[in-house]
Amino acid sequence: MDQMSSDNINGLILAVSSSIFIGSSFIIKKKGLKKAGASGVRAGEGGHGYLYEPWWWAGMITMIVGEVANFAAYAFAPAILVTPLGALSIIFSAVLAHFILQEKLHIFGVLGCVLCVVGSTTIVLHAPHEQEIKSVKQVWKLAIEPGFLVYSAVILIVVLVLIFYYEPRYGKTHLIVYVGICSLMGSLTVMSVKAVAIAIKLTFSEMNQFKYFQTWIFIIVVTVCCILQINYLNKALDTFNTAVISPVYYVMFTTFTIIASMIMFKDWASQSGLKIATQLCGFVTILSGTFLLHKTKDMGNSASGRGASSTPRDNPVFTSPGSGRSSTSDKIAS
């Protein structure tokens, strides 16, 4: 195993810090939502009393700090290292919920946490070195190479077909439509975010990158892609069960991001087949842990208080049940 570069170490620290802040923010915000719901109309029923709760704002600030750290991580480490580590936020959220919100973690949930840690460690130990970039023009050159242009064209065509053909017909019944749009555009978002993060990093090093038009094109792409993602992710959350959306979105988003990074930044070009296979095994291990965590997230509570209901209702992954609406508790949990 090669020694980790200083940039990879910085990216790792930022990515893990991001997961801690983002995972904690869910719990802090939910604590604020519970306090607001106890004294007024709950957020899931249209109430906005949480806006007056310090706990909720503390959670929002914590989440912003986490997102900034995640943004910065892309300036140092390859996407194949940073993106899968997002699963760690699920672990911190589940563990804190167990101790603070008394949302009991089932034994299979603990196993899911262990799998996520093992998978993350595997990826970290075998992550490729980030190539040295001295100008945003280098990133632009990578972005306009035939391989990535073909990938981007295919992504845009598929997204347009999903939006204009499949979304009106199947959007409210098939989760894969909304999540597919978000995940596909998300891979382009991350590549552009990485370019902007590198530009900011170099600018702070007294090499102004905002004088180049390429930097502003990347900023425009980030803005457009983010707006599109937020729009369709909100539609997905409003239509389907949050517990189903989270793992499916994580799997698709991470997969397409790794593919995009592999094509654009050629992360695996300097690595042996063994290291690539090891990273893929680590990724699959994280996916297994993520699905296990979400699949068993309600089992701890049902086991400790078996009276009201037996087992949590199992919603299909790609289609919405019944009315196609998620429950109030699912929306609050998100």
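Visitor: Which side chains meet in a salt bridge at 3.6 Å, N to O?
Guide: The side chains of glutamate 167 and lysine 235 do. A salt bridge here is a side-chain nitrogen of Lys or Arg within 4 Å of a carboxyl oxygen of Asp or Glu. This is a predicted model, in which local features need pLDDT of at least 70, side-chain atom pairs count only at pLDDT 80 or more, and totals for chains, interfaces and linings use all residues. Residues are numbered from 1 along each chain as its sequence is written, and side-chain values use heavy atoms, with hydrogens and water left out.

Visitor: Where in the chain do glutamate 167 and lysine 235 sit?
Guide: Glutamate 167 is in helix 7 and lysine 235 in helix 9 (residues 213-239), so the pair links distant parts of the chain, 68 residues apart. Helices are DSSP runs (H or I, at least four residues), numbered from the N terminus.

Visitor: Is glutamate 167 buried or exposed?
Guide: Glutamate 167 counts as buried, at 15% relative accessibility. Lysine 235 is partly exposed, with a relative accessible area of 28%. Buried means under 20% relative accessible area, exposed means over 50%, and partly exposed lies in between (1.4 Å probe, protein chains only).

Visitor: How many salt bridges does the structure hold?
Guide: The structure holds three. One of them joins the side chains of lysine 201 and aspartate 7 (3.8 Å, N to O). Lysine 201 lies in helix 8 (residues 175-204) and aspartate 7 in helix 1 (residues 6-39), so this pair ties together parts that are 194 residues apart in sequence. Lysine 201 is partly exposed at 27% relative accessibility, and aspartate 7 is partly exposed with a relative accessible area of 27%.

Visitor: And which residue meets lysine 266?
Guide: Glutamate 145 does, in a salt bridge of 2.5 Å, N to O. Lysine 266 is in the loop between helix 10 (242-264) and helix 11 (273-295), while glutamate 145 is in the loop between helix 6 (136-143) and helix 7 (146-170), 121 residues apart.

Visitor: Changing topic, which residues form the nonpolar patch on the surface?
Guide: Ile107, Phe108, Val110, Leu111, Val114 and Val118 form it, with about 510 Å² of accessible area together. Patch residues have over 30% relative accessible area and no salt bridge; like charges are joined within 9 Å, and nonpolar side chains (Val, Leu, Ile, Met, Phe, Trp, Tyr) within 5 Å. Accessible areas come from the Shrake-Rupley method with a 1.4 Å probe, and for residues only the protein chains shown count as cover.

Visitor: Where is phenylalanine 108 found?
Guide: Phenylalanine 108 is found in helix 5 (residues 107-125).

How values were computed. Helices (H or I, at least four residues) and strands (E, at least two) are DSSP runs, numbered from the N terminus.
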